[in-house]
Amino acid sequence: YPLTNSYQGVFYFWSIPLLVATFLWWFMVGEPPCPDGEEEQEKITYHEIKQTLNSKILWLLAFLLFLHNFFFYTWSAWLPTYLLDKGLSLSFTGLITSVMLWVGVPTVIIVPMLSSGANISRKLFIWIPSLIFAFLAVGILYASQFFIFFLMIIAGIINILRFNTLLTLPVEIMPKKHAGTASGLVVSIGYLGAVVGPIIAGKILDITGTLQSVFIILAVLSVITMAFALLIPST
């Protein structure tokens with residue numbers, strides 16, 4: 001606010017790095033983006049698309065990403081309101097909410113570097129974060145102001161760990177020529193959770209007048225995510 005004096009000004013300010021990234025991409029990325037000498041693939045036929053859509057694992061990954069986004073966007077969207085209701089200051093609430101995303105910046109770089117060379121089942125990168133998220137969703141209800149800060153650091157790390165894994169698994173599991181279709185399906189269905197989750201949480205708040213039950217639901221969803229993550233192939 002000291003810089004922009006309004007919400008509109010904040011969004012104008014946020015648009016600057018987006019525009020810079022767009023221009024850099026437009027002028028610096030060559031066509032095609034694939035390595036030199038690699039021939040462009042032929043168009044995928046309807047039969048191949050149907051074959052891709054028949055993959056049960058692919059639909060499982062789409063459902064898991066749906067649950068992940070349901071949790072993350074509900075958590076990050078309604079956490080400020082919950083903390084304000086607990087009596088925390090507006091400035092602290094904004095800071096503590098952003099910690100989860102700031103921690104994700106180095107994590108999104110470091111985690112793929114470590115996991116790519118490790119001979120570890122990918123399902124653990126979904127199962128373990130889901131287990132931790134179940135405890136965090138309950139723990140936020142009882143955490144002190146000091147402990148919430150560390151809780152959000154943990155949430156930021158495991159959020160990126162699970163998110164990165166769910167985005168890369170369609171490419172790792174499906175044949176190369178089906179990777180685009182597979183990723184598109186998983187992302188399209190997965191991000192429906194980003195819309196559905198916060199809306200349902202808002203309705204619950206309207207009816208009950210509190211967000212405590214929302215965090216309990218998120219804990220239960222984390223346990224459900226754990227159960228479905230066990231169905232992912234080990235290799």
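Axes here are lines fitted to C-alpha atoms, for helices over the stretch in contact, and angles run from 0 to 180 degrees between N-to-C directions. The model is predicted, so to speak of local features a pLDDT of at least 70 is needed, side-chain atom pairs count only at pLDDT 80 or more, and totals for chains, interfaces and linings use all residues. Residues are numbered from 1 along each chain as its sequence is written, and side-chain values use heavy atoms, with hydrogens and water left out.

Let us start with a pair of helices (DSSP runs of H or I with at least four residues, numbered from the N terminus). Helix α5 (residues 124-139) and helix α9 (residues 212-229) have axes that come within 8 Å and cross at roughly 165°. The two are therefore roughly antiparallel, a label for angles over 145 degrees, while angles under 35 count as roughly parallel, 65 to 115 as roughly perpendicular and the rest as oblique. The crossing of α5 past α9 is left-handed, meaning that the near helix is turned anticlockwise from the far one by less than a right angle; clockwise would be right-handed. On the α5 side, the contact (heavy atoms within 4.5 Å) includes Trp127, Phe133 and Val138, and on the α9 side it includes Phe215, Leu218 and Met226. Sorted by class, the contact has 13 nonpolar, 3 polar and no charged residues. In this sorting, Ala, Val, Leu, Ile, Met, Phe, Trp, Tyr, Cys and Pro are nonpolar, Asp, Glu, Lys and Arg are charged, and the others, Gly among them, are polar.

Helix α5 also meets α3. Their axes come within 13 Å and cross at roughly 30°, and the two helices are therefore roughly parallel. This crossing is left-handed. Leu64, Phe71 and Trp75 of α3 make the contact with Ile126, Phe133, Leu136 and Ala137 of α5. That contact holds 7 nonpolar, no polar and no charged residues.

Next come α6 and helix α7 (residues 179-190), whose axes come within 8 Å and cross at roughly 150°. That makes α6 roughly antiparallel to α7, and their crossing is right-handed. From α6, Leu166, Leu167, Pro170 and Val171 meet Ala179, Ala182, Ser183, Val186 and Val187 of α7. Here the classes are 8 nonpolar, 1 polar and no charged.

Now for the pockets. On a 1 Å grid over the protein atoms alone, a pocket is an open set of points where a 1.4 Å probe fits, with protein on both sides within 12 Å along at least five of seven lines; lining residues have an atom within 4 Å of a point. The largest pocket has a volume of about 1100 Å³, where volume is the space filled by probe spheres set on the points, joined across faces, edges and corners. Of its 26 lining residues, Tyr7, Val10, Trp14, Gly94 and Ser98 are closest to the centre. Two or more lining residues come from each of α1 (7-28), α3 (56-85) and α4 (90-116), and α4 gives the largest share, 11 residues. The lining has 19 nonpolar, 7 polar and no charged residues.

The second largest pocket has a volume of about 160 Å³. It is lined by 14 residues, with Phe72, Leu101, Asn159, Ile160 and Phe163 nearest its centre. At least two lining residues come from each of α3, α4 and α6 (145-173), and α4 supplies the largest share, 5 residues. By class, this lining has 9 nonpolar, 5 polar and no charged residues.
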